[in-house]
Amino acid sequence: MFESGWQIISAVLYVMNLCLAVYAATSMIMRRQDPVKTLSWVTVLILLPYFGLILYFFFGMHYRKRRLYKFKGNAEYRYRKETSLMQSEYIKQNPGILGDLQPYKKIIFQNLRNSYTVVENNSSVEFYFTGREALDAMYRCMEGAKSHIHLQSYIFADDSTGEKFASLLMQKAREGVEVRVIYDGVGSFSLKKEFVGKMVAAGVEMLCFAKVTLSLPASRVNYRNHRKILVVDGRTGFLGGVNIADRYYIGNALGQWHDTHLKIVGEAVSSLQTSFLLDRYFILNRKLKKRKKYYPQLDITSNGDGSGEKNIATQTLVCGPDSNWASIMQCFFSAITLARKHIYIVSPYFTPNESVLNAIKIAALGNIDVRIMLPERSDTRIAHYSTMSYVSELLEAGVKIYLFKKGFNHSKVVSIDGEVSIVGSANMDMRSFEHNFEILSVIYDKGSTDIIERQFLRDLSACTQLGAARWAKREKRQKVAESVSRLLSPLL
């Protein structure tokens, strides 16, 4: 009798799982999303009954764009949209104004329209290539804050590095500086309540982006705020790949963490400020009164050292799952297709969609010098094997693959022809393209790109170049791990 009852329950559960799996698969098919991603989810739903459904409800459900868009429909967002459309029309009517940027007008117009990203003039851009260098520079800048500090980090750890930053932030708040911090609910999941509480008690505004709770809709758990931003007094800004944690400052079992972060002075700081305040508005559904101190008038005719005019053109892409377009993916794609001489890419996690992957292979087949730097070891095993699963076809197309050995290279960089470089928080993977809130800077400047490329070439000495013959001899179990991880890569 007991066995008969259990068989009935099992049958009912199986039918329910099958119906839900069919419903989930149909929903994905009707959304007309990436067929590879759809097939991956269908495979998971079929091969992993029950557990596959749990994974789908947390990581496969589609974010409701219109609902998020409503949150961002405030004055700052409207201003950004109106300004970008006005600039787009002005450039169309006065094409000569682009000057040296003329070869990249396709990317410029694309960014103006798909992410409302204006072309900004800046007096200086400074790069840092290790987490230690970047964090030290950020700390020094915050020490001099007089008006406000706006700090956003995917990871804010309560380790020695986090404590150091927290102490400074609390000190500045006590001095009367407005201090606001945004951290991600998943990236900073282990952040203790006591750590946050003492900062709040000192006058620091601590905001958690999409905190993970049982009441949080499952679809929102999958969409994380991966941006790293610092704005000091509305005049100086930082962005890139560096989080606030010991492993970025002193390293870990992987060795020293190399990363690319930039400090910028100029009009781009307003874009960073707008991004921060929009994320704050997203969390609180409440905006700050628009006061002049958040958007001070900047003098871009001086580079800060009295050496005269130096205007560096940039576009700051701010996009996420609430955007109408996959702006970052489109930016990478267009930059790659416009290359005439060479393309240098650094990404710790490399799982591109078919469009970007094909653009890279076509460029290499077309005799463009394409070099990709990946970490030899990674902090995420599945992501590492998924990344390695692309190596064979890239080598076959003529792409040069380098594995960074001296520590962990966490940089997210693309440089094109020594003329344009792209630096930010976005990896060249599907999560950055589709799921995360990301930020990056497109820098239309030969001097800045030369710095980026010289660092890339220096880092080659810390790499091993992969050859097709050697790669083909890797162990069979690694090939199996790559194949399985490749199947899961659209879901990561």
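Trainee: How many helices and strands does the secondary structure of the protein chain come to?

Mentor: It comes to 20 helices and 18 strands. Here helices (H or I, at least four residues) and strands (E, at least two) are DSSP runs, numbered from the N terminus. Keep in mind that this is a predicted model, where local features need pLDDT of at least 70, side-chain atom pairs count only at pLDDT 80 or more, and totals for chains, interfaces and linings use all residues. Residues are numbered from 1 along each chain as its sequence is written, and side-chain values use heavy atoms, with hydrogens and water left out.

Trainee: Why is β9 said to pair with strand β11?

Mentor: Two strands pair if DSSP finds at least two bridges between them. β9 and β11 (residues 369-375) have 5 bridges, so they pair, in the parallel sense.

Trainee: What makes β9 and strand β14 a pair?

Mentor: That cut-off again: they have 4 bridges, so β9 and β14 (residues 413-416) count as paired, this time in the antiparallel sense. Find Y344 and you'll see S415 of β14 opposite.

Trainee: How much of the protein chain counts as buried?

Mentor: Of its 492 residues, 58% do.

Key. Buried < 20%, exposed > 50% of the residue type's maximum accessible area, 1.4 Å probe, protein only.
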